[in-house]
Amino acid sequence: MEEKRFWKTKAGGLTLAFLVTMVGFVLILIGVNREINGLTILGLTAVVAAMLYSPVRVFLLEKRQ
Amino acid sequence: MNIPVNFFMWIMAFLPIVVLIVLMIRFRWGATEAAPIGLLITIFSGVMFYKADLTLIAAESAKGIWNAIVILLIIWTAILMYQVGDEAKAFLVIRNGMSKLLPNELMLVLAMGWIFESFLQGITGFGVPVAVGAPLLIGIGVRPMYAVIIPLLGQAWGNTFGTLAAAWDALAVSAGLDVGSKHYFAAALWAAAFLFVWDAFTGVIICWFYGKAKAIKKGLPAIAVLALVQGGGELVLSQINTTLSNFLPSVLSLVIILLMGRMKAYREPWSIEESPIMARGETQEAAMEYPRDMSLVQAFVPYFLLSALTIVVLTVTPIYQFLGRFSVGLSFPETKTGYGYINAAAENYAPLAPFTHAGTFLFLSAVIGLLYYKKHGWIGQGGTKAIFARSIAMTMPSGMAVVGLVIMSKIMGGTGQTVVLAQGIAGVLGNKYLILAPFIGLLGTFMTGSNMSSNILFGDFQMTTANLLHVNAAPVLGAQTAGGAVGSAVSPSKIILGTTTANILGKEGDVLKIMLLITIPTTILIGLVIFAAAGLR
């Protein structure tokens, strides 16, 4: 129950965002070193999306609520 | 490189930094929210105006994430160490114990906010003094906002020659100074002289925060002695052995302040009741619940361990060399912008040596401290799980901000925006650029969170500009690294370390506002000194 609540908090969301960043990081590393452009762009998109989690949550989602 | 250095390109390079500062100070956004906006602008500017392709942006982002992981290891382990102390209520014991050793409250604040941070900066650096110092100051009754501001100031002077002179060595390499040459020692002398004055100024500012002129009057003799030991010692040693020039005086000053607490002028209880930085009521109430059987030495066990581990590993060369052999780095291909700005391929980018990394020392100290406190019954059932859970929950918000800031600085560097920023200032101002030379150092640390990175980024540029302007390069290089050290007090990634452990996350803008008022005039003053020195030649 407590674990479920953690993932709904901002710290929990940021932890998820951090994990997505790490996945993006690995995809970029594979992409740039093996010259797989699609993978590189996918990784970059994941990183940017994860970065935007906090401003989107604070200034869009929470304000709407 | 064919990047046009014009007003538009300069503005586009400066925009992310301006937006970051405005969002944090004017709109009071936390760094976690502001950093991604700065990052988006940097990416947009990099692709649209600096002709970088997405592969370059992605590669620089990955380099930024890797650099950020190295910093995050310190943040998490420093927070873990804080949580261990907090769970065992060791900070309350430290507060009570140190109050007895230093009954003069001003001396207590100076010891815990300036001298102890200098000591930590001398050995570990990388923001550890801020992360560790903030909760210690809260423990002695300092308000959280000032518990972040004071360590930021206290650690700043040690950024160039601290961490065994890592930032200084980076400057020497970047600017092409031959170790041991006349220019090498001349630049070190200028840097140490600026930092000596800044160190003394730090003591005065802390007194001013504590109790305006009354506190300055009381603290001035102590500040004079401590600054002479720290800054003066560094000045002398910078001409003998730069590696130990910060560490040795910092250790000595720690001993001296405890001895000063026994001197006539400071051995009696003294405080300013209406001090705006203190919140005594709150801590005195909490102090009732501290573990009575824990001594001051026992409360400091994790910090003693940290000091001992760091000193042994970093100063005993065979151990350092053996442990430093294990390292992990990443490989990146060469990338190039449409303007021909090249980021060289790297086989082993930013290698991380885990066994000589500050995060390892912090982790071991925290875990051994945890076991020690647990053995004595100061950490109860379920305490260990709670400590680790809280440390992760507390790390994530600052962690994401650090990742965003470091990626932003890497993209700015990798697309040529940083170079345009610096060249634009130098090109427009001509000789008067010298006044802003230390500000460039500050800017580098602001962006990267590290005096060392600032020196790597701008060391060569400052050397080239000094030669173009036909001025002596030694004061310019000294000003670069001194500006970088001063800038460590305004670096958002360092501020967030303090706001995290002080539990005031989101207040980075308020801290930054105060710090900018202190640091920018300081860098301009340094600039005026080197401008005057160049004019006298």
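Reader: At roughly what angle do the axes of helix H1 (residues 7-25) and helix H2 (residues 31-48) of chain B cross?
Author: This is a predicted model, where local features need pLDDT of at least 70, side-chain atom pairs count only at pLDDT 80 or more, totals for chains, interfaces and linings use all residues, and side-chain values use heavy atoms without hydrogens or water. Residues are numbered from 1 along each chain as its sequence is written, with chains lettered from A and ligands numbered from 1 in the order written. Helices here are DSSP runs of H or I, at least four residues, numbered from the N terminus. Axes are lines fitted to C-alpha atoms over the stretch in contact, with angles from 0 to 180 degrees between N-to-C directions; those of H1(B) and H2(B) come within 9 Å and cross at roughly 165°.

Reader: Is H1(B) roughly parallel or roughly antiparallel to H2(B)?
Author: Angles under 35 degrees count as roughly parallel, over 145 as roughly antiparallel, 65 to 115 as roughly perpendicular and the rest as oblique. The crossing angle is roughly 165°. That makes the pair roughly antiparallel.

Reader: How many nonpolar residues are in the contact of H1(B) with H2(B)?
Author: Contact means heavy atoms within 4.5 Å. H1(B) contributes residues including Met12(B), Leu15(B) and Pro16(B), and H2(B) residues including Ala31(B), Ala34(B) and Ile37(B). Ala, Val, Leu, Ile, Met, Phe, Trp, Tyr, Cys and Pro count as nonpolar, Asp, Glu, Lys and Arg as charged, and the others, Gly among them, as polar. The contact has three polar residues, no charged ones, and a nonpolar count of 12.

Reader: How are helix H2 (residues 10-34) and helix H4 (residues 53-64) of chain A oriented to each other?
Author: Their axes come within 10 Å and cross at roughly 150°. The two helices, H2(A) and H4(A), are therefore roughly antiparallel.

Reader: How many charged residues does the contact of H2(A) with H4(A) have?
Author: Lys10(A), Gly13(A), Leu14(A) and Ala17(A) of H2(A) meet Tyr53(A), Ser54(A), Arg57(A) and Val58(A) of H4(A). By class, four are nonpolar and two are polar. The charged count is two.

Reader: How many residues of H18(B) are buried?
Author: Helix H18 covers residues 433-448 of chain B. Buried means under 20% relative accessible area, exposed over 50%, and partly exposed in between (1.4 Å probe, protein chains only). H18(B) is largely enclosed by the rest of the structure, because the buried share of its 16 residues is 15.

Reader: Where is Trp114(B), and is it buried or exposed?
Author: Trp114(B) lies in helix H5 (residues 105-123) of chain B. Not counting residues up to four places away in sequence, Trp114(B) touches Gly154(B), Trp157(B) and Asp199(B), among others. Its relative accessible area is 0%, so Trp114(B) is buried.

Reader: What is the relative accessibility of Thr418(B)?
Author: Thr418(B) sits in helix H17 (residues 417-429) of chain B. Beyond four places in sequence, its contacts include Met447(B), Leu457(B) and Phe458(B). Thr418(B) counts as buried, at 2%.

Reader: What phi does Lys212(B) have?
Author: Most residues other than glycine have a negative phi. Lys212(B) is in helix H9 (residues 182-237) of chain B and is partly exposed at 42%. Its phi is positive, although it is not a glycine, at about 50°.

Reader: Is His470(B) buried or exposed?
Author: His470(B) is in the loop between helix H19 (451-468) and helix H20 (473-487) of chain B. Its phi is positive, about 55°. With a relative accessible area of 66%, His470(B) is exposed.

How values were computed: The expected span of a helix is 1.5 Å times one less than its number of residues.
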